[in-house]
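Hello,

Here is the structure you were to receive.

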Amino acid sequence: MKIIIVGLGLIGGSIAKALKQNTSHQVLGMDTNQDALLDACSCGAIDGKADTADLRTADMVYLCVYPEAALAFAQEHGPVLKEGCLLTDTCGVKEELCAGMAELTGGNYIFVAGHPMAGKERSGFGASDPSIFVGASYILVDTGAPAWAVEQVEGLAGAMGFGRIVRTTPARHDQMIAFTSQLPHALACAYVASPRCEEHQGFSAGSYRDVSRVAAINEVLWSRLFLDNRRALVEELDELNRNLKRIRDAVSQGEEEQLRELLRKAADTKRRVG
């Protein structure tokens, strides 16, 4: 196939490298950052730069950009994609994106919504690494695409090293991602906002490292993801605040038995679900 990667950042660059390493498909790249394109060509992550003529003959296009940019690309370039071209994305929010894609007209492509559950604290093509996909989950979100198209995206995910395919709806995706991804990032940012963070050297070990790790955040990307998923994320933030308040109140009031019960339930849950 001729596959075009739109956006050669961390995820797009890693997908390009994984496809080149593990498949025989032709992989081309598009990016507004000419340095990223040059680096990708130089290291062999892509076979070359894609232009409008390549879009007309592409078999598959990965949109590895922000949700708004994915919609804008589909609106502008969707009409030139050939009939049956697979258009898929890697965005971290799905309800607004899938609704927006459904409203677009004028294209004969097939849209399959996807989300590779992998990443790093660093961003950009220089951080791209296909090993981040090995054993990770790849989420496929129901958009009404035909089974063969979904299976093709699933097959490429397997070729790239993903170990689990999860199928879900846009609403379920966004609710779960609010809990498993967005909430931990918000928690880490709130945690390092403490004035004690400036003084942690010599007093910190694994606990500090584990909780604070994802605070090294791409603020442009994550602000957009938070706001695009605000309803689900606010629900999770409210739940976290309620649980923190239970612990805070038990500590403040010296309620040792109540505190032990809260901690025991948390430990039991973690041991049970991992």
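A pocket, as the word is used here, is an open set of grid points where a 1.4 Å probe fits, with protein on both sides within 12 Å along at least five of seven lines. Please keep in mind that this is a predicted model.

By that definition, the second largest pocket holds about 1000 Å³ of space. It is lined by 21 residues, and those closest to its centre are F179, L240, N243, A266 and T269. Two or more lining residues come from each of α7, α10 (230-252) and α11 (256-273). The lining consists of twelve nonpolar, four polar and five charged residues.

The largest pocket holds about 1200 Å³. Of its 44 lining residues, L10, I11, L221, W222 and L225 are the closest to the centre. Elements giving two or more residues to this lining are α1 (10-22), α4 (67-77), β6 (110-117), α7 (170-192) and α9 (219-228). Of these, α7 gives the most, with six residues. By type, the lining has 23 nonpolar, 16 polar and five charged residues.

Now the cysteines. There are zero disulfides in the structure. For C91, the nearest cysteine sulfur belongs to C64 and is 8.5 Å away, whereas a disulfide needs the two sulfurs within 2.5 Å. C91 counts as buried because its relative accessibility is 3%, and the cut-off for buried is under 20%. C197 is in no disulfide either; its nearest cysteine sulfur, that of C189, lies 11 Å away.

Regards

Technical notes:
Residues are numbered from 1 along each chain as its sequence is written. This is a predicted model: local features need pLDDT of at least 70, side-chain atom pairs count only at pLDDT 80 or more; totals for chains, interfaces and linings use all residues. Side-chain values use heavy atoms; hydrogens and water are left out. Buried means under 20% relative accessible area, exposed over 50%, partly exposed in between (1.4 Å probe, protein chains only). On a 1 Å grid over the protein atoms alone, a cavity is a set of points where a 1.4 Å probe fits but cannot get out, and a pocket is an open set with protein on both sides within 12 Å along at least five of seven lines; lining residues have an atom within 4 Å of a point. Grid points are joined across faces, edges and corners, and a volume is the space filled by probe spheres set on the points. Helices (H or I, at least four residues) and strands (E, at least two) are DSSP runs, numbered from the N terminus. Ala, Val, Leu, Ile, Met, Phe, Trp, Tyr, Cys and Pro count as nonpolar, Asp, Glu, Lys and Arg as charged, and the others, Gly among them, as polar.
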